[in-house]
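User: I have a model open and want to go through it with you. Can you start with a loop and work outward from there?

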Amino acid sequence: MSDTTKFGFALGRSKKNNTMASVKEFSIEEKLSSLVSLQKVDSKLDEIQILKGELPMEVKDLEDEIEGLHARQTRVEEEINGIQEFIEQKKEGIKTAQALIKKYEKQSDNVKNNREFEAINKEIEMQVLEEKLCEKHIKDATEEIAEKAKALELAKKAVSTKETNLSGKKGELEKIISETEKEEKHFNKLAANARGHVDQRLLNSYDRIRNNFRNGLGVVPVERDSCGGCFHAIPPQKQSEIKLRKKIIVCENCGRILIDTDLNDSISIS
Ligand SMILES: [Zn+2]
């Protein structure tokens, strides 16, 4: 907690009111200081949420990708097995053709006439063709297997890269979860404390503004004569008023609560 807030706390309790300190006792400046503290704590909590929010998704995506790659690997392996079976069939085909050729050649020694001789010769020719066709099929299939084996090798490499990546992300996630548990508790306590120093109406508008913007900023300093949230120019007169810290002043363009840089810089969260 900053000195400003501590100072604010002390002032609040010193007021003439022996019931429990109510937020009404805090000056605008004190409320603004608390809002700045709250904003800084909330931004830290947002960072934790972002860290946690993305890693589980990344882990899940990697797991899905690895599953897909494994499925692909299995498919390619099955395809290779199928082709190998095909090659075996063609090898059998060659054996059958060769056996038939031998059989026909033997028969051709005992032919009775020319017609029979020609018929057997035709059969032999057909089996020679069949043998050649089987050889061609085997050659093509062997090439196909070589290609598939290459694809399989790539798929395996991809899986191992993704798996390394996954175990890294998982470790990171576990580390963040264990680290942030403590941090989150600490920051939630600080946030609750800061909220206790701001009245509900102001808190409501702070929460509403914060929820309206993706960067979660509801309180911003004036930077280079502009709103630190939307960069809308802030006229000098308004800047002077902001520096006085007597009124809650919002950016007329984005509605964010404006504070001076000195106040913003005086508060740091740890
Ligand atoms: Zn603005």
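Analyst: R224 lies in the loop between β1 and β2; strands here are DSSP runs (E, at least two residues) and helices likewise (H or I, at least four), numbered from the N terminus. This is a predicted model, in which local features need pLDDT of at least 70 and side-chain atom pairs count only at pLDDT 80 or more, while totals for chains, interfaces and linings use all residues. Residues are numbered from 1 along each chain as its sequence is written, and side-chain values use heavy atoms, with hydrogens and water left out.

User: Is R224 buried or exposed?

Analyst: R224 is exposed, at 80% relative accessibility. The classes are buried under 20% relative accessible area, exposed over 50% and partly exposed in between, with a 1.4 Å probe and protein chains only.

User: What is the phi of R224?

Analyst: Positive, about 45°, although R224 is not a glycine. R245 also has a positive phi, near 60°, and is a residue other than glycine. R245 sits in the loop between α5 (236–244) and β3, and counts as buried at 16% relative accessibility.

User: OK, the sheet. What is the strand order?

Analyst: The order is β2-β1-β4-β3, an open sheet of four strands with mixed pairing. β2 and β3 are the edge strands, each pairing on one side only. Two strands pair if DSSP finds at least two bridges between them.

User: How do β1 and β2 pair?

Analyst: Strand β1 (residues 219–223) pairs with β2 in the antiparallel sense, over two bridges. V222 stands opposite C227 in β2.

User: Switching to the metal. Which residues are the protein donors of the zinc ion?

Analyst: The SG atoms of C227, C230, C251 and C254, lying 2.2 to 2.3 Å from the zinc ion. Donors are N, O and S atoms within 2.8 Å of the metal (3.2 Å for Na, K and Ca); water is not among the atoms, so sites may look incomplete.

User: What spacing do the donors follow along the chain?

Analyst: C-x2-C-x20-C-x2-C. C227, in strand β2 (residues 226–227), and C251, in the loop between β3 (249–250) and β4 (257–259), link distant parts of the chain, 24 residues apart.

User: And what is the geometry of the zinc site?

Analyst: Tetrahedral, with angles of 105 to 116° among the four donor atoms. Four donors count as tetrahedral if all angles lie between 85 and 135 degrees; four count as square planar and six as octahedral if opposite donors are over 155 degrees apart and all others between 65 and 115, and anything else is irregular.

User: Is C227 buried or exposed?

Analyst: C227 is buried, with a relative accessible area of 1%. C251 is buried at 2%, and C254 counts as buried at 15%.

User: What sits over the ring of F213?

Analyst: The charged end of R256, 3.6 Å from the ring centre. A charge sits over a ring if NZ of Lys or CZ of Arg is within 6 Å of the ring centre and within 35 degrees of the ring normal.

User: Last one, where is S268?

Analyst: S268 is in the segment after α6 (261–266), and counts as exposed at 52% relative accessibility.
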